[in-house]
Amino acid sequence: MKNKWIYIAIAALVGFYLVNAYNGLVKQKQEVKAKWSQIEVQLQRRNDLILSLVKTVKGYAKHESSTLENVIAARAKATQITVDPNKLDEASMAKMAQAQGELSQALGRLMMVSEAYPELRANENFMMLQTEISGCENRLAVERKRYNEAAKEYNAGILTFPRNLIASSFGFTEAAYYQAEAGANKAPDFDF
């Protein structure tokens with residue numbers, strides 16, 4: 001009879017561990033998704049600001065239509081690429097990073113063109129948008145770091161023994177890290 005209680009206690013402890021480990025993995029996965037959504041919020045804010053900036057520049061730099069069109073096209077491409085938070089894999093993340101990198105490059109070219117227009121640089125709306133985009137770039141960097149930290153913790157959780165057995169049994173997969181496009185390691189310079 002005494003052995004029966006020992007087996008029941010061991011089974012209860014194992015069951016408790018399994019439930020606790022599974023719930024921990026679910027919480028970590030939700031944290032990764034929440035951090036990803038914060039990146040998306042900042043990307044949307046940046047895209048909205050860029051559109052306002054293009055409209056402001058358009059009024060002053062009428063001869064720079066190809067540069068403006070490139071920014072608009074890069075923005076359109078960047079907004080069309082979305083990443084399913086349930087499928088944060090390397091291929092999806094690479095596409096997103098590439099599109100965002102192209103947008104940053106186009107935006108940088110727009111900022112260089114604007115240097116030729118002193119009245120534009122003196123425009124209050126332009127200066128405000130320039131500051132807001134710069135701040136948005138900084139917030140994006142912070143959110144990317146937070147996402148990667150959450151992905152690291154989650155990935156470690158699903159790869160370490162014995163949680164890896166639970167993770168593989170329930171279909172938990174690794175979350176890809178956000179890696180910026182090559183050469184996109186610095187935000188465009190918006191200071192004039």
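Helices here are DSSP runs of H or I with at least four residues, numbered from the N terminus. The model is predicted.

**Exercise 1. Arginine 75**

Task: State which helix holds arginine 75, and decide whether arginine 75 is buried or exposed.

Solution.
- Step 1. Arginine 75 lies in helix 2.
- Step 2. The relative accessible area of arginine 75 is 17%.
- Step 3. Buried means under 20% relative accessible area, so arginine 75 counts as buried.
- Step 4. With neighbours within four places in sequence left aside, arginine 75 is in contact with Asn47, Asp48, Ile50, Leu51 and Leu103.

**Exercise 2. Helix 1 against helix 2**

Task: Determine how helix 1 is oriented relative to helix 2, and list the residues that meet.

Solution.
- Step 1. The two axes, of helix 1 and helix 2, cross at roughly 165° and come within 11 Å.
- Step 2. Angles over 145 degrees count as roughly antiparallel, so helix 1 is roughly antiparallel to helix 2.
- Step 3. The crossing of helix 1 past helix 2 is left-handed.
- Step 4. From helix 1, Asn47, Asp48, Ile50, Leu51, Val54, Val57 and Lys58 meet Leu68, Val71, Ile72, Arg75 and Thr79 of helix 2.
- Step 5. Sorted by class, this contact of helix 1 with helix 2 has seven nonpolar, two polar and three charged residues.

**Exercise 3. Helix 2 against helix 3**

Task: Repeat the analysis for helix 2 and helix 3.

Solution.
- Step 1. Helix 2 covers residues 65-80 and helix 3 covers residues 90-114. Their axes are 9 Å apart, and the packing angle is about 160°.
- Step 2. That angle makes helix 2 roughly antiparallel to helix 3.
- Step 3. Helix 2 passes helix 3 in a crossing that is left-handed.
- Step 4. On the helix 2 side, the contact is made by Thr67, Leu68, Asn70, Val71, Ala74, Arg75, Lys77 and Ala78. On the helix 3 side, the contributors include Leu103, Ala106, Leu107 and Leu110.
- Step 5. The residues of the contact of helix 2 with helix 3 divide into 10 nonpolar, three polar and four charged.

**Exercise 4. The nonpolar core**

Task: Find how many residues the largest nonpolar core has, and which helix gives the most to this core.

Solution.
- Step 1. The largest nonpolar core has 47 residues.
- Step 2. Helix 1 (2-60), helix 2, helix 3, helix 5 (124-159) and helix 6 (163-169) each supply at least two residues of this core.
- Step 3. Helix 1 gives the most, with 11 residues.
- Step 4. Trp36, Leu53, Val57, Met93, Leu110 and Tyr147 have the most contacts inside the core.
- Step 5. Take leucine 53 from that group. Apart from neighbours within four places in sequence, leucine 53 is in contact with Leu107, Leu110, Met111, Phe126, Leu129 and Ile133.

Terms used
Residues are numbered from 1 along each chain as its sequence is written. This is a predicted model: local features need pLDDT of at least 70, side-chain atom pairs count only at pLDDT 80 or more; totals for chains, interfaces and linings use all residues. Side-chain values use heavy atoms; hydrogens and water are left out. Axes are lines fitted to C-alpha atoms, for helices over the stretch in contact, and angles run from 0 to 180 degrees between N-to-C directions. Angles under 35 degrees count as roughly parallel, over 145 as roughly antiparallel, 65 to 115 as roughly perpendicular and the rest as oblique. A crossing is left-handed if the near helix is turned anticlockwise from the far one by less than a right angle, and right-handed if clockwise. Contact means heavy atoms within 4.5 Å. Ala, Val, Leu, Ile, Met, Phe, Trp, Tyr, Cys and Pro count as nonpolar, Asp, Glu, Lys and Arg as charged, and the others, Gly among them, as polar. A nonpolar core is a set of buried Ala, Val, Leu, Ile, Met, Phe, Trp, Tyr and Cys residues joined through side-chain atoms within 4.5 Å. Buried means under 20% relative accessible area, exposed over 50%, partly exposed in between (1.4 Å probe, protein chains only).
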